[in-house]
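Q: I am new to this structure and would like a close look at a single part of it. Please take me through that part step by step, then show me what lies around it.

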2 protein chains.
Amino acid sequence: MTWEEARRLFPVLNRIAYLNAGTFGPLALPTIQAMEAELEVAATSGRIGHAYFERVLAERAGLRERLAALVGVEPAQIALSSSTTDGCNIVLAGLELAPGDEIITTSEEHFGLLGPLQASGAHIVVTDPDPEAIVAAVTPRTRLLALSHVLWTSGRTLPVRELRDRSGLPILVDGAQSVGAIRVDASGLDYYTISGQKWLCGPDSTGALVVAEPDRLRVARPSYFAQSSYEPTGRFEPREGAARFDSNWLSAASIAGLLAALGVAPRWCYERAAEQAARCRELLEPHADLVAGDATLVSFRTEDPPAVVKRLAERDVQVREIPKTGLVRVSCGWWTGEDDLQRLVDGIRS
Amino acid sequence: MTWEEARRLFPVLNRIAYLNAGTFGPLALPTIQAMEAELEVAATSGRIGHAYFERVLAERAGLRERLAALVGVEPAQIALSSSTTDGCNIVLAGLELAPGDEIITTSEEHFGLLGPLQASGAHIVVTDPDPEAIVAAVTPRTRLLALSHVLWTSGRTLPVRELRDRSGLPILVDGAQSVGAIRVDASGLDYYTISGQKWLCGPDSTGALVVAEPDRLRVARPSYFAQSSYEPTGRFEPREGAARFDSNWLSAASIAGLLAALGVAPRWCYERAAEQAARCRELLEPHADLVAGDATLVSFRTEDPPAVVKRLAERDVQVREIPKTGLVRVSCGWWTGEDDLQRLVDGIRS
């Protein structure tokens with residue numbers, strides 16, 4: 001598949017310079033069609049009967065396998081979730097931390113991680129998103145590192161594997177801005193969250209959580225999928241593997257849509273996305289105060305981010321601001337073209 | 001709208017005697033169309049831009065209002081969730097119970113309640129689903145009653161308001177088999193879970209949770225919606241009302257679908273559903289060993305439930321078994337017709 005062929009699969013790109021996949025990715029026609037086909041099945045044959053449930057559960061298993069392969073782990077290490085926030089909550093609630101325990105995070109994290117951290121009851125230690133600062137913050141009371149693989153603010157990549165090795169601590173990696181954007185190898189990382197709706201261009205409210213050692217995390221928030229058998233008190237035998245952490249039923253349409261979206265991404269997607277992000281930096285450099293970053297998000301400082309975002313939106317160039325930072329953020333995907341970036345630059349210069 | 005007109009809105013009812021709304025309700029054409037319309041918008045205009053998010057958030061607020069009106073509470077007492085299980089987890093995690101605390105539940109609850117009860121760490125006291133037995137089980141250590149409004153096994157209704165009054169304890173009501181099936185007044189009840197996908201005939205993974213006094217429950221599992229502002233440690237100011245417990249982003253299609261489904265249900269839906277359940281009991285009485293029940297689920301004992309379910313399914317009569325109970329369960333909705341029930345009886349007699 002050539003880039004031109006792949007790009008034509010996204011109707012929305014005809015009109016919009018779609019530069020906010022960091023919130024929601026564009027939806028491809030095969031993704032929409034897969035979802036519509038499942039809606040038709042539900043309408044005419046019903047969400048009912050043994051064969052229907054067997055099929056949806058088989059597709060659920062297929063999705064688990066695909067996501068596992070995507071990030072280099074075993075299917076038994078994948079829980080299906082509805083968001084990266086969901087994944088963070090599953091981990092933080094399951095760890096059963098106490099106020100004397102410490103978790104190290106960075107000063108540039110999203111509330112999707114920070115909220116669950118706060119709810120854990122542990123003491124949250126905030127450092128600069130700098131490897132030396134993070135390692136220096138470790139104390140005998142530190143129980144976990146919890147931070148992004150790619151910072152949602154600047155697009156900077158943190159060396160998560162190195163941080164785990166140097167600290168000797170388990171790590172929870174927020175993969176909201178990494179999976180689908182850059183090549184991710186989550187093997188050997190303790191907990192890693194995946195969003196289906198951002199860089200993977202899947203349906204809303206889909207995602208996953210890698211749990212490297214499922215037996216070592218408590219099921220603190222059981223769904224029906226948590227158990228293989230249970231007693232009248234609710235005491236239960238957990239299912240095998242990370243499936244015990246599956247947070248909810250997923251509609252047949254959501255599963256089919258995410259599988260279709262995963263099928264749309266070309267082999268060369270990461271290289272192409274990196275090229276487009278580099279090209280975006282190159283084009284913006286003379287016109288904008290760029291902040292350092294190396295993944296597929298490109299951010300720049302400006303006096304009035306909401307005004308810049310609004311002005312660009314009037315030209316159908318869609319980017320976002322990062323509140324309280326003075327930053328405007330541009331998301332470059334493998335589907336991004338030179339024309340999108342030129343429209344961005346024209347809008348900024350206007 | 002006459003019954004015939006309303007029934008014709010469900011394509012699936014043309015072929016299938018759809019008697020398992022207790023798992024998933026049938027989907028009406030307006031519901032499917034509302035979801036497809038949102039998928040088209042997402043495909044062509046994108047899940048992007050200020051106007052899009054403003055609109056989805058406004059529809060989210062509209063859904064909160066509709067669900068509040070449905071069960072007789074204030075919109076500020078409604079959290080949007082993705083299932084009744086989700087609602088139970090939000091409550092049980094938020095109550096911060098200790099092993100010395102007791103919760104009373106009944107011997108006929110679904111794992112969607114039992115799992116979260118077990119995960120709470122409290123001691124779970126199981127009684128017969130009998131008001132006297134429940135009240136007799138109260139001790140000075142009891143912190144909560146947690147039980148179904150309508151038992152998923154038999155369709156028996158429990159007097160939840162009376163139980164709350166007599167015990168003087170807060171109550172968590174699992175509304176999986178009540179909301180949409182029988183008229184529900186959740187006002188004055190502490191916590192009440194709602195499923196969108198069952199008797200309300202809405203999209204998969206939709207639902208809500210009533211929290212009568214949002215300020216008195218901890219936000220133990222924050223999503224982005226939990227906060228109105230936050231600090232770098234994640235410490236946050238909760239949003240006003242029960243919206244702070246909203247468990248996740250809901251797709252525009254899910255919101256539109258559930259709103260459409262709520263619009264399909266006729267004024268007379270509860271009376272008609274009760275009539276059909278009574279008629280089902282009347283028709284089955286000579287041929288089946290019915291168990292006592294009074295809501296819209298009708299269950300009967302049989303030697304080999306899976307075989308009965310399978311035999312009926314071969315005739316496109318869809319019911320379910322309740323594992324480990326010897327019961328086959330029939331769900332009667334306002335859309336159920338005499339023909340559906342006759343097909344059921346014919347299948348059982350064959």
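Which residues are buried in helix H10 (residues 305-313) of chain A?

A: A word first: this is a predicted model. In helix H10 of chain A, the buried residues are A:Pro305, A:Val309 and A:Leu312. They cover an arc of only 65 degrees around the axis, which puts them on the same side of H10(A). Now turn to the other side of H10(A). There, A:Ala307 and A:Lys310 are exposed.

Strand S12 (residues 297-301) of chain A pairs with S15(A) over five bridges, in the antiparallel sense. One pair to find on screen is A:Val298 with its bridge partner in S15(A), A:Val330.

Next comes a loop. A:Gly326 sits in the loop between S14 and S15 of chain A. A:Gly326 is partly exposed, with 16 other C-beta atoms within 10 Å. Leaving aside neighbours within four places in sequence, A:Gly326 is in contact with A:Arg301, A:Thr302 and A:Pro305. A:Pro305 is one of the buried residues of H10(A), so this contact brings us back to the helix where we started. A:Gly326 and A:Asp304 are 22 residues apart in sequence, but 7.0 Å apart in space, C-alpha to C-alpha.

Helix H4 (residues 84-94) of chain A is mostly covered: eleven of its eleven residues are buried. Among them are A:Thr84, A:Asp86, A:Asn89, A:Ile90 and A:Leu92. The buried residues of H4(A) pack against strands S2 (78-81), S6 (171-174), S7 (191-195) and S8 (207-211) and helix H5 (111-119) of chain A, together with H4 of chain B. After H4(A) comes A:Glu96, whose phi is positive, near 50 degrees.

Now to the core. In soluble globular proteins, nonpolar side chains tend to be buried together. Here the largest nonpolar core holds 229 residues. Those that touch the most other members are A:Val71, A:Ala79, A:Val210, B:Val71, B:Ala79 and B:Val210. Not counting residues up to four places away in sequence, A:Val71 touches A:Val179, A:Val184, A:Asp185, A:Ala186, A:Tyr192, A:Ile194 and A:Val210.

B:Val210 takes us to strand S8 of chain B, where both faces are covered. On one side, B:Gly207, B:Leu209 and B:Val211 are buried; on the other, B:Ala208 and B:Val210 are buried. B:Leu209 has 29 other C-beta atoms within 10 Å. Its contacts, leaving aside neighbours within four places in sequence, include B:Ala79, B:Ile90, B:Thr193 and B:Phe245.

S8(B) has partner strands too. Strand S2 (residues 78-81) of chain B pairs with S8(B) in the antiparallel sense over four bridges. In that pairing, B:Leu80 stands opposite B:Ala208. Strand S7 (residues 191-195) of chain B also runs antiparallel to S8(B), joined by five bridges. There, B:Tyr191 has B:Val211 as its bridge partner.

Last, the contact between the chains. Chain A and chain B each give 62 residues to the contact. On the chain B side, helices H2 (29-45), H4 (84-95) and H5 (111-119) and strands S4 (123-127) and S9 (227-230) each supply at least two residues. The largest share, nine residues, comes from H2(B). By class, the chain B side has 34 nonpolar, 22 polar and six charged residues.

How values were computed: Residues are numbered from 1 along each chain as its sequence is written. Chains are lettered from A and ligands numbered from 1 in the order in which they are written. This is a predicted model: local features need pLDDT of at least 70, side-chain atom pairs count only at pLDDT 80 or more; totals for chains, interfaces and linings use all residues. A residue is buried if 20 or more other C-beta atoms lie within 10 Å of its own, exposed if 12 or fewer, and partly exposed in between; C-beta atoms are placed from the backbone. The arc is that of the directions from the helix axis to the C-beta atoms. A nonpolar core is a set of buried Ala, Val, Leu, Ile, Met, Phe, Trp, Tyr and Cys residues joined through C-beta atoms within 7 Å. Two residues are in contact if their C-beta atoms, placed from the backbone, lie within 7 Å. Two strands pair if DSSP finds at least two bridges between them. Ala, Val, Leu, Ile, Met, Phe, Trp, Tyr, Cys and Pro count as nonpolar, Asp, Glu, Lys and Arg as charged, and the others, Gly among them, as polar.
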